[in-house]
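Here is a note for someone opening this model for the first time. Please read it with the structure in view.

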Amino acid sequence: MNAVLVAVALSLVSAVAYAAAAVAQERLAARSPGPGALRLLGSGAWWWSVGLNAAAALLHVVALRYGPLTVVQPLGALTLVAAVPLGARLAGRRVAAAEWKGTALTLLGLGAILVTASGPAPDDVLSVPEALAVAGATAALIGVLSRPGTRPGLRHATASGVASGVASALTQTVTVAATDRSGPVLSLQVVGVALLVAAFAAGGLLLSQTAYRGGLGGPLAMVTLANPLAAAVIGLSLLGERLQGGPAGVLLALAGAALACWGVVLLSRQAPRPPADDDHPVAAVLALEPRSATAEPAWVPRPQDPGHLTTATR
């Protein structure tokens with residue numbers, strides 16, 4: 001089988017796993033809106049979402065071994081495409097016409113990008129100085145995006161997408177350098193870049209968790225757009241990857257990117273918030289813990305409340 005086809009197939013499965021993890025993270029963030037990442041460590045639901053992310057990341061790593069960044073990373077937009085029907089299923093409704101339109105535009109745009117980006121399996125890697133320079137610039141950008149201010153959800157989502165895209169670019173260096181058999185498997189280059197991958201992957205996961213406190217659609221769209229953009233910049237500028245077809249190929253890729261962005265924007269506007277009922281059967285599949293039957297209601301009328309008003313009449 002053609003190496004690019006293998007990369008595409010693995011990327012499709014990876015996108016579905018990432019979508020399930022994103023929905024799980026958003027539901028957990030909606031139920032625990034307060035700050036404090038340490039509380040997540042005691043949540044089984046969060047660890048299930050981490051497991052889904054890990055499985056998706058493993059498939060993504062293998063895909064990067066068979067396909068170039070300019071092919072594998074744009075397919076990450078399918079995460080949002082997969083999250084739409086999953087979110088509709090959780091909400092107990094059908095997918096809206098605008099959501100189908102966004103899905104079609106995203107797929108059409110990705111198809112145009114893949115036509116121009118298809119190339120041989122990757123063989124170039126980042127040197128240690130290049131990897132350190134990329135890591136330093138990325139850390140500085142994430143610091144700027146994570147500062148206190150307005151619209152933290154979209155900024156944290158952008159930082160998460162950049163961190164994940166850079167982690168993918170560095171992962172490709174690790175996989176190629178470790179399997180080309182021209183040097184030791186655990187060379188300084190492989191070990192050092194692998195540590196950077198772990199740091200950016202963990203940072204991207206935590207940033208996405210905080211971003212989803214404001215909902216799934218907008219933040220997931222920003223992650224989806226920032227991820228391939230960051231990886232493509234590295235692939236085209238440092239790894240020698242090129243678009244096929246010359247100037248016409250560049251125009252086709254730009255048109256495809258515009259269509260994909262339009263589709264992602266439509267999907268982000270239509271993406272629904274999950275229902276409050278955590279006993280939904282799909283929530284069990286996502287390993288989200290149901291509410292206790294003995295849990296106290298959010299508001300209980302007190303004797304001193306005038307007229308014993310209920311929440312429905314307030």
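1. Where is the place of A82? A82 sits in helix α4, residues 78-91. Helices here are DSSP runs of H or I with at least four residues, strands are E runs of at least two, and both are numbered from the N terminus. The C-alpha atom of A82 is separated by 8.2 Å from that of A20, 62 residues apart along the chain. A82 also touches V16 and A19, leaving aside residues up to four places away in sequence. Contact means heavy atoms within 4.5 Å.

2. A word on the basis. The model is predicted, so local features need pLDDT of at least 70 and side-chain atom pairs count only at pLDDT 80 or more, while totals for chains, interfaces and linings use all residues. Residues are numbered from 1 along each chain as its sequence is written, and side-chain values use heavy atoms, with hydrogens and water left out.

3. Next, helix packing. Two packed helices are described by the angle between their axes and the distance between the axes. Axes are lines fitted to C-alpha atoms, for helices over the stretch in contact, and angles run from 0 to 180 degrees between N-to-C directions. Angles under 35 degrees count as roughly parallel, over 145 as roughly antiparallel, 65 to 115 as roughly perpendicular, and the rest as oblique.

4. Take α6 (residues 128-145) with α8. They pack at about 15°, with axes 10 Å apart. The two are therefore roughly parallel. Residues of α6 in the contact include V128, L132 and I142, and those of α8 include V193, F200 and L207. The contact divides into 10 nonpolar, two polar and no charged residues. Ala, Val, Leu, Ile, Met, Phe, Trp, Tyr, Cys and Pro count as nonpolar; Asp, Glu, Lys and Arg as charged; the others, Gly among them, as polar.

5. Now α7 with α8. Their axes are 8 Å apart and the angle is about 155°. That makes α7 roughly antiparallel to α8. The contact holds 18 nonpolar, 10 polar and no charged residues.

6. α2 (residues 44-66) also meets α8 (residues 188-211): the axes come within 12 Å and cross at roughly 130°. That makes α2 oblique to α8. W46, V50 and N53 of α2 meet L205, L206 and Q209 of α8. Four of the contact residues are nonpolar, two polar and none charged.

7. What space lies in the largest pocket? About 790 Å³. A pocket is an open set of points on a 1 Å grid over the protein atoms alone, where a 1.4 Å probe fits, with protein on both sides within 12 Å along at least five of seven lines; lining residues have an atom within 4 Å of a point. Grid points are joined across faces, edges and corners, and the volume is the space filled by probe spheres set on the points. The lining has 38 residues, with Y18, N53, A57, S164 and N227 nearest the centre. α2 gives the most, eight residues. By class, 22 are nonpolar, 16 polar and none charged.

8. The second largest pocket holds about 530 Å³. Of its 21 lining residues, I113, P228, L229, A232 and A257 are closest to the centre. α5 (97-117), α9 and α10 (246-270) each supply at least two. α9 gives the most, with eight residues. The lining divides into 19 nonpolar, two polar and no charged residues.
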